[in-house]
Amino acid sequence: MIVYLQMLETAEDRAAFEQLYLTYRSLMYRIAYGILRNQQDAEDAVHQAFLSMIGGFKKIKAIPHRKMRQILPKMVY
């Protein structure tokens, strides 16, 4: 997670991203593993999804948590 946090500019963004990561990483892994059926590929897909999130984090952090579960599957594929 340190790699992701270093890519964010503000302490506020780092704290918000950390919360997002801790809340959704397991769910994202389960979704990816369900699709890919391979542990390493699923971990890679989740890593790529988190890297993508950092690129558009201003938009991502504005999404209410209740809607985040709908968006996550799209981010993992």
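Helices (H or I, at least four residues) and strands (E, at least two) are DSSP runs, numbered from the N terminus. This tour concerns a predicted model, in which local features need pLDDT of at least 70 and side-chain atom pairs count only at pLDDT 80 or more, while totals for chains, interfaces and linings use all residues. Residues are numbered from 1 along each chain as its sequence is written, and side-chain values use heavy atoms, with hydrogens and water left out.

**Confidence**

Begin by colouring the protein by pLDDT, the predictor's confidence in each residue, from 0 to 100. The mean is 90, and 97% of the residues reach 70 or more. Among the elements, the highest mean, 95, belongs to helix H3 (residues 39-55), and the lowest, 79, to helix H5 (residues 65-76).

**Helix H3**

Select H3 next. Its 17 residues reach 25 Å from the first C-alpha to the last, close to the 24 Å expected at 1.5 Å a residue; the expected span is 1.5 Å times one less than the number of residues.

Now show the buried side of the selection, where buried means under 20% relative accessible area, exposed over 50%, and partly exposed in between (1.4 Å probe, protein chains only). The buried residues of H3 are Ala42, Ala45, Val46, Ala49, Phe50, Met53 and Ile54.

Centre on alanine 42, which is found in helix H3. Alanine 42 counts as buried because its relative accessibility is 0%. Contact means heavy atoms within 4.5 Å; leaving aside neighbours within four places in sequence, alanine 42 is in contact with Tyr29, Ala32, Tyr33 and Leu36. Arginine 30 lies 12 residues from alanine 42 in sequence, with 8.1 Å between their C-alpha atoms.

Move to arginine 37, in the loop between H2 and H3. Although not a glycine, arginine 37 has a positive phi of about 55°. Its relative accessible area is 61%, so arginine 37 is exposed.

**The nonpolar core**

Next, display the largest nonpolar core, which has 22 residues. Such a core is a set of buried Ala, Val, Leu, Ile, Met, Phe, Trp, Tyr and Cys residues joined through side-chain atoms within 4.5 Å. Those with the most contacts inside the core are Phe17, Leu20, Tyr24, Met28, Phe50, Met53 and Leu72. Two or more residues come from each of helix H1 (2-6), helix H2 (11-36), H3, helix H4 (57-60) and H5. H2 gives the largest share, 8 residues.

Select methionine 53: residues up to four places away in sequence not counted, it touches Phe17, Leu20, Met28, Ile60, Leu72 and Met75.

**Aromatic rings**

Finally, show the aromatic side chains. Rings of Phe, Tyr and Trp (its six-membered ring) pair if their centres lie within 6.5 Å; planes under 30 degrees apart count as stacked, over 60 as edge-to-face and the rest as tilted. The whole structure holds 7 aromatic pairs. Tyrosine 4 and tyrosine 21 form a tilted pair, 5.8 Å centre to centre with 45° between the planes. This pair links distant parts of the chain, with tyrosine 4 in helix H1 and tyrosine 21 in helix H2, 17 residues apart.

Compare tyrosine 29 and tyrosine 33, whose ring centres are 6.0 Å apart and whose planes meet at 25°, so the pair is stacked. Tyrosine 29 and tyrosine 33 are separated by about one helical turn because they are 4 residues apart in helix H2. Tyrosine 29 counts as partly exposed at 26% relative accessibility, and tyrosine 33 is partly exposed at 33%.

End with one aromatic cluster, formed by Tyr4, Phe17, Tyr21, Phe50 and Phe57.
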